Amino acid sequence: MCWVCEKYGNGEKWYLNPENYARRLYKVRKEGKESAGADADPQAAGMGAGVVAELVKARISGDQEWEDEIKRDALEQAYQTHFGQVVTLDEYLQILDIAYPLAKMTCGCRRVQRGMPDEENFTCMGIGPGMYKWERWPETYHGGVEFVTTEEAKEWAMMNHKEGRVQTVDVFGTPYIGGLCQCEYPGCVAVRNRIDYDFKFLLKGHTVAKVDRAKCTGCKSCLGRCQFKALNLEVYTSKAYIDMDQCFGCGLCVTACPSEAIELIDRQSMPGLAENW
Amino acid sequence: MIAQIGFDYNLCTDPLDCRKCLSVCPSVVFVCGPTRVWKGRESDPSEYRIVGRYFDKCSGCGDCVKVCPTNAIQLNFVPREQLAQKFREERAAQLKERNS
């Protein structure tokens, strides 16, 4: 269990706790001045806000203390309002049974980073009562929303997993979960900022992938599945290698393996990784 | 060397619809977002701006400059240490202001 579970899990994983999908999502309100056309900072577009612009400067300056301070301040804010965590496909499907309503919406990250047109960009799943308010903030819900049934959402989720997208839960006003993302490096700002700048807006999941070297045939089916730079082929032994320190536990490699040679293990069961979120 | 990427916003007026530089960049250096957010309607296309947020990842391939239909992008490289010095000064000023 991660720190979010300890605080909001009520004895289980926090994103499987129905309380975190409750109507109190409404406590997040945009400030009144925005209705008049509030100033927005294009640097702040996408998750991680203007923080990354500062992080880049700190990186270039070589000032580690500065970088640490930016991250500490930004994460303190993020963990109270808006952050994400990687989940497995099984967990994602369980969430779809808990959350209602469900609506496909366009991905802000891919719009921000690639300018993806709306019609090609319905890759996010918005959930909860916030979906009924989308017309109030059409910029946030660019291109509108498309309500789907639980079964349609599950089918779509499985397709996304098959296609190789990492699935995450996102809170909008901790601990209320308002979205499920299908992410990739570097198109997803959260994944990118975590991998490139070690900005822990996105938390690792509750599992870690482990290779059974006896079962691995070196078929390479899993290569290309990892979005976290944690997987490659050990060329000399012709076995898959997973950097477990770097693994986020999404399970994309697991389902690609025809030999059942990769297993998802509970992070907490491994002392060396238990605190690695 | 580190990239310094500038946009002439008089020339780049509808970046989200154009999106050529966003699409071509092999290092995903650019971000494009609204400068104003409104209740009840989407931001106007002219309210969008592109910036080179991840300029530290820029290789200097120049594809964005080549692909830009309005020649709105200026790409220059400066020595890392020169930029580091500038940012260290910014940081020092920030700390000084905080402690005053």
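Helix α4 (residues 80–99) of chain B comprises 20 residues, which at 1.5 Å a residue should span 28 Å; the end C-alpha atoms are 28 Å apart, in agreement with this expectation. The expected span is 1.5 Å times one less than the number of residues. Helices (H or I, at least four residues) and strands (E, at least two) are DSSP runs, numbered from the N terminus. α4(B) is hardly covered, with one buried residue among its 20; a residue is buried if 20 or more other C-beta atoms, placed from the backbone, lie within 10 Å of its own, exposed if 12 or fewer, and partly exposed in between.

The model is predicted: local features need pLDDT of at least 70 and side-chain atom pairs count only at pLDDT 80 or more, whereas totals for chains, interfaces and linings use all residues. Residues are numbered from 1 along each chain as its sequence is written, and chains are lettered from A and ligands numbered from 1 in the order in which they are written.

The contact between the chains takes 31 residues from chain B and 30 residues from chain A, two residues being in contact if their C-beta atoms, placed from the backbone, lie within 7 Å. On the chain B side, α2 (20–24), β2 (31–34), β3 (36–37), β4 (48–51) and α4 each supply at least two residues. The largest share, six residues, comes from α4(B). By class, this side of chain B has 15 nonpolar, five polar and eleven charged residues; Ala, Val, Leu, Ile, Met, Phe, Trp, Tyr, Cys and Pro count as nonpolar, Asp, Glu, Lys and Arg as charged, and the others, Gly among them, as polar.

Chain A contains an open sheet of seven strands in the order β5-β3-β4-β7-β6-β2-β8, with mixed pairing. Strands pair if DSSP finds at least two bridges between them. The edge strands, each pairing on one side only, are β5 (145–148) and β8 (202–203) of chain A. Strand β2 (residues 84–87) of chain A runs parallel to β8(A) and is joined to it by two bridges, and A:Gly84 stands opposite A:Leu202 in β8(A).

The domain assignment of chain A, automatic or taken from a database, gives domain 1 (41–203) and domain 2 (207–266). Their C-alpha centres lie 25 Å apart, and each domain of chain A contributes twelve residues to the contact. On the side of domain 1 that touches domain 2, β6 (166–171) and α7 (189–197) of chain A give two or more residues. That side has seven nonpolar, four polar and one charged residues.
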